[in-house]
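Colleague: I have a fold to read and want to go through it feature by feature. Can you take me through helices, sheet and loops?

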Amino acid sequence: MSTPTADAQPRTVLVTGATRGIGRTIAERFVAAGDRVATLTRASATDLPDGVVGVPGDVTDSAAVDAAFSTIEADLGPVEVLVANAGITRDTLLMRMSDDDFAAVLDVNLTGAFRCARRASKGMIRLRRGRMIFISSVIGLYGGPGQVNYAASKAGLVGVARSITRELGGRGITANVVAPGFITTAMTDALPEAQQEQYLGAIPAGRFGSTHDVAGVVEFLASPAASYVSGAVIPVDGGLGMGH
C-alpha cells in the first residue's frame, strides 16, 4: 500500500465505479497516497470507500457528468487524474443480443468514458498536465463468447486513449489503457468450480489476479514515473492475452 511522501502534492482524482471491485481498490489506493478522491454516484451511496467523496452523476448523461465535474472542481480542485472504470455487462449470444443489449453496454463502458474524458480534458488543458487511465479488459482484444457488446466497448477504449494521446500529448496529458484479465471478485467467486478450473488452466500465472494487481498498475500510470508512457495498453492478466 502506498504512503504519502514528504514532497508529494495531493491531487484531485476521479475514479468512476469506485463502490466495488477493481474501482474500489483503485480509489482506496489513491486515498492512501494522500490524494483527494471522488466518484460519481447515481443514487445516495452509503458504501463508499473511506475518504472518497461521492458526487451525484451518471456517465450516461453528459449534463450530469458536467455538473459532477463542476462540483468536484469547486470542492476539491481541478481533476488531475481520471480513472474511467465504470462498466456493465449484458452477456448473451450474438443471435439473441438485442439492439438495447448492445447499445446500453457501449453507452456506459465506452461513451461514458468518452464523456468523462471530454470534460476532464478542459481542466487538464488549463493545468497543462493530467492523467487519463481507462480500465478495459483482456476481453477487448481476446474476445469472449456471448460478449460482443462488452468486447466492442472495451476494445474501443484503446482507440480513445491513443487518439487523446495524439491530440493532447503535447500538453502534458497522458492517456493509457489497463486491460485486466480474470480478477478475483464476487463474480468470479460465484462461478462453478469446473469453470474456474478451466479459466485457470488458460492463465500462465496459474491464478486469478487480485484487485490490488490492477490498482498498482493504475497508481504507476498516474505517477510522475510514467510521464513518458502514453497510448499504451498494459495487460494485467497473468499472461492470458499474450500477443494481443
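Colleague: Which strands does helix H5 lie across?

Modeller: This is a predicted model. H5, residues 148-168, lies across E5, E6 and E7. The helix runs at about 160° to E6.

Colleague: How do I read the sheet itself?

Modeller: Strands of a sheet pair through backbone hydrogen bonds, either parallel or antiparallel. Here seven strands form an open sheet, ordered E3-E2-E1-E4-E5-E6-E7, and the pairing is parallel. Strand E3 (52-56) and E7 stand at the edges. Each has a single partner strand, so one side of each lacks a neighbour in the sheet. From one strand to the next, the twist averages 25°.

Colleague: Over how many bridges do E6 and E7 pair?

Modeller: Four, in the parallel sense. Proline 180 stands opposite valine 236 in E7. H3 also packs on the sheet, touching strand E2 (36-41), E4, E5 and E6. Its direction makes about 160° with that of E4.

Colleague: Which residues of helix H8 are buried?

Modeller: An α-helix has 3.6 residues a turn, so residues three or four places apart point the same way. In H8 (211-221), the buried set is Thr211, Val214, Ala215, Val217, Val218, Glu219 and Leu221. They pack against helix H1 (21-32), strands E4, E5 and E6, and strand E7 (233-236).

Colleague: And the loops?

Modeller: Arginine 128 sits in the loop between helix H3 (99-127) and strand E5 (130-135). Its phi is near 60°, a positive value in a residue other than glycine. Leucine 191 lies in the loop between H6 (186-189) and H7 (193-202). Leucine 191 is partly exposed, at 22% relative accessible area.

Notes
Residues numbered from 1 in each chain as written. Predicted model: local features only at pLDDT ≥ 70, side-chain atom pairs only at ≥ 80, totals over all residues. Heavy atoms only, no water. Helix = DSSP H or I, 4+ residues; strand = E, 2+ residues; numbered from the N terminus. Buried < 20%, exposed > 50% of the residue type's maximum accessible area, 1.4 Å probe, protein only. Contact = heavy atoms within 4.5 Å. Pairing = 2+ DSSP bridges. Axes fitted to C-alpha atoms, helices over the stretch in contact; angles between N-to-C directions.
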